[in-house]
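Hi everyone, thanks for making time this morning. I'd like to walk you through a structure that may be new to you, so let's bring it up on the screen.

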Amino acid sequence: MSDRVTTTPAAQKPRHTLTRAVIRFAGDSGDGMQVTGEQFTTEAAWAGNDISTLPNFPAEIRAPAGTLFGVSSFQLQFGSQRVYTPGDQLDALVVMNPAAFKVHLADLKPGGILIVNPSAFDKRNLDKAGYAANPLDDPTLGEKYRLHQVDMEGLTKKALEDMPLNAKEKDRCKNFFALGLVSWVYTRPLDPTLDAIKKRFAKRPEFVEANIRALKAGHAFGETAEMFAEHYGVEAAEMPPGTYRSMTGNRALAWGLLAAAERTKIPVVFGAYPITPASDILHELALHKRFRVRTFQAEDEIAAATAAIGASFGGCIGVTASSGPGIALKGEAIGLAVTAELPLVIFDIQRGGPSTGLPTKTEQADLMQALYGRNSESPVVVIAPSTPGDCFYMAYEAVRLAIKYMVPVMVLSDGYLANGSEPWLIPDLKTLPDIPVSFRTEKEGFFPYLRDAATLARPWVRPGTPGLEHRIGGIEKQDVTGNISYEPDNHDHMVRTRAEKVRRVAQEIPPTTINGLPEGDVLVVGWGGTYGAITAAVEEAQAEGKSVAAVHLRYLNPLPPDLGHILRQYRRVLVPEINSGQLVRILRAEYLVDAVGFNRVRGLPLASQEIYEAINQLLEVKR
Amino acid sequence: MGVPGATPKYTKKDFESDQDVRWCPGCGDYAILSAVQKMMPDLGIPREDIVFISGIGCSSRFPYYMNTYGFHTIHGRAPAVATGLKLARPELKIFVVTGDGDGLSIGGNHLLHVLRRNVDLTILLFNNRIYGLTKGQYSPTSELGKVTKSTPIGSADRPLSPCAFALAAGATFVARTVDRNIAHMEETLKRAAAHKGAAFVEILQNCNVYNDMAWGVLYDRESKALHELRLQHGQPLVFGPVDDRRGLVLEGVKPKVVKVKDVPESSLWVHDETDGGTALVLAQLVSPEYPIPIGVLASRPGDTTYEEILIQQEQKAVSDRGPGDIAKLLMSGDTWKIG
């Protein structure tokens, strides 16, 4: 990885320049690993790196200290080149206790940097982690890894010796010691962290001072302690010029809605029921009362969805969000929006399942639910962002399509996109597509199910419009008049019309981008949060001269009109997914192509290495 | 929205839609529909600003027959749909029409929360103590031991009092009326519609096909005199034939039926609409041991509604920091420049 060594004055330690590095902070739930990781991410962002992050935490709020299931971690990859994933194998691992050591050591590269906090390796913690003997005493550990035993607890305590804090409060500063140390190892600027500490503890000046002292002590320790012979730099990445910010998927979804509301001048009414990992969208929107958004924490998932539908009936942008279990509960309501032909936006932040499953872990197994998880023929538009930042655009796009076609639009995000972050080029809002809205007010010739010739959308009428009083509902209705109808041919016609409306959304889909040559041996087709892992794997194979290309689908229903043609230009089609093979089944059924899946359902993002290997295996299959 | 003061002079006919009414001949719903249509002109609200929202069941066909805006939604969810509509459009006058199955069984949770939040809605619950549209299964208000298709040897669950439910949920207006008493229905519905906040009206309604005469004691003149307790604010709770007046007295929180002539007048329980506690006692009186209270059980006008609180929060946020600007939001917090 290190490709050059900077000559430094004798007093300084040599600095190696890397193109990228993968770091993971791991400790107990109470050790502040998420804060540490987020803060390191900000430092790397300030240094101009491209970044991808993977927070990973237990579902338990306060898991018992020291246990294996209570381990919380934050991983990031930062680089001077494009970074597509949080990384597969770790260049550096910081572990705060034996449980974290046990859970995470296997992911550290041989020769990688291993920073441990030995004072946490006492009998009690070793017992909890299931160690009969202290693994730090194993002499091979130092041979296999660059092991650094840093008594972060003791050193932090010492740095804060004269502070008027109790022992527990002092101990809680040790994560900033770790951050200071790792910031030195990777030459990250401390300024953003100093600012963040000041903001975070604005009301407790003694905590500001303590955490800053711990941070600086960690940094100084790296500089002066004999154990670190060198440190590393990662140059700024070449990224498109502009102003950047760090963006998580959930925040991007929320802000995309705000942008759509501002553009349309129509308020968003957002109905949600708390559920991991979707709740942050509700939290984020609830902060923005100055914007065109009204949030409603409903009594249950069904009320969240039906309130959104009520709002759409009233001429607002009705939006509801949940994760898989909640989407299942909303199914009947979504069907109502299908037949009432009202705009409705539904965010599904997929997580491991079935049932409660793995609430805090990621999965892509709700695709079939999004497409078919309702009674009868009830098609909806399904789209999927590929990166955290893309969530902004897809939320906006969902609103645009829902209004233009008077249909429900499901946005499939996932736990990885929701909590993961990336440096995000802040868009010029003027470049976003327009979202025209015309509420019908003309009485002459009005019928509730009169259709637009191009989109088949029915008119959107705000209650309060004189002369257009009308009734809609879940019962089958006659086309055009909207009167209740049980007539067999009318039902058949309405089933086809609702499907055709969704099908016509295909005219909105831009030409599919192919990463690679337009024909070849293997085409890798993905969707959603696997974008980074697939891109990294495909580009690695391409760099070796292999005939591999990739397309990443952002529109899943309808599928892009050019997709069938593209699929037929490659000898084999590989579909990596974090499910048992859902998109692959659709592609096979839709296009009669012999696509094969690559499926791992571990609650974790796919590793680019395993996709790379799957590509190679497929390449080896004889023609 | 119409211009205030310029509301057209409506008649009942203006609120009749062009749809064929499809309830069974003899259904109590006809009388309710007629009473609602008849009282609408008195509300003084432009027709286009009125919305009827319903769930599923016989009662829930109601919106189709009203010449207003209407939405026939899904089973039990009308209160939630109406909440969303109210959040979107607080200026609209919204009615929710539901039944004992729709509102208290599958939709019990939504009814609970819409009342608790005091969303400004007028909620009409038609209580016929049976599932009609699914052809006659017992409902959450059916009496214990009710023999129906799904309970051939009698139901095993105890009935719920809709008004007690509403009061316990914190409803700010709770009333009960009867489908066969047009004048009382109109008067009660008018008061409910005029109430700001969640107004709940239980309408005792006859299903002549699956549960005929469930409220029969209130239909026949003679038994009505014995069983109907007309509630009037500030008046003692008395009922019964002229020659044999009965009254209610409270012993602690326990109600007791007495002969009026046997007790001093001052000892009779005087109805106080503003007292939710005694209203809860009234709501739980069960025939034949007690009379059936009809009228406004509780009314607590002036409570802030759910949507008013939200709007106040938004107005304060805007007045404190100005309206939101998405471009500024995107640039807020930590940002950095490249190139």
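Before we start, one term: two residues are in contact here if their C-beta atoms, placed from the backbone, lie within 7 Å. Please also keep in mind that this is a predicted model.

Let's begin where the chains meet. How many residues does the contact take from chain B and from chain A? There are 57 residues from chain A and 52 residues from chain B. On the chain B side, the elements that give two or more residues are β2 (69-72), α2 (78-88), α4 (108-117), α9 (306-321), α10 (326-330) and β14 (335-338). The most comes from α2(B), with eight residues. By residue type, this side of chain B has 26 nonpolar, 17 polar and nine charged residues.

Strand β18 of chain A, residues 471-473, runs parallel to β2(B), and three bridges join the pair. If you look for A:R471, you'll find B:G70 of β2(B) opposite.

The axes of α12(A), residues 301-313, and α13(A), residues 324-340, come within 8 Å and cross at roughly 25 degrees. Angles under 35 degrees count as roughly parallel, so α12(A) is roughly parallel to α13(A). Their crossing is right-handed.

Which residues meet there? From α12(A) they include A:I302, A:A305 and A:I309, and from α13(A) they include A:L329, A:A333 and A:L336. The residues of this helix contact divide into eight nonpolar, two polar and two charged.

Technical notes:
Residues numbered from 1 in each chain as written. Chains lettered and ligands numbered in written order. Predicted model: local features only at pLDDT ≥ 70, side-chain atom pairs only at ≥ 80, totals over all residues. Helix = DSSP H or I, 4+ residues; strand = E, 2+ residues; numbered from the N terminus. Nonpolar A, V, L, I, M, F, W, Y, C, P; charged D, E, K, R; others polar. Pairing = 2+ DSSP bridges. Axes fitted to C-alpha atoms, helices over the stretch in contact; angles between N-to-C directions. Parallel < 35°, antiparallel > 145°, perpendicular 65-115°, else oblique. Left-handed = near helix turned anticlockwise from the far one by under 90°.
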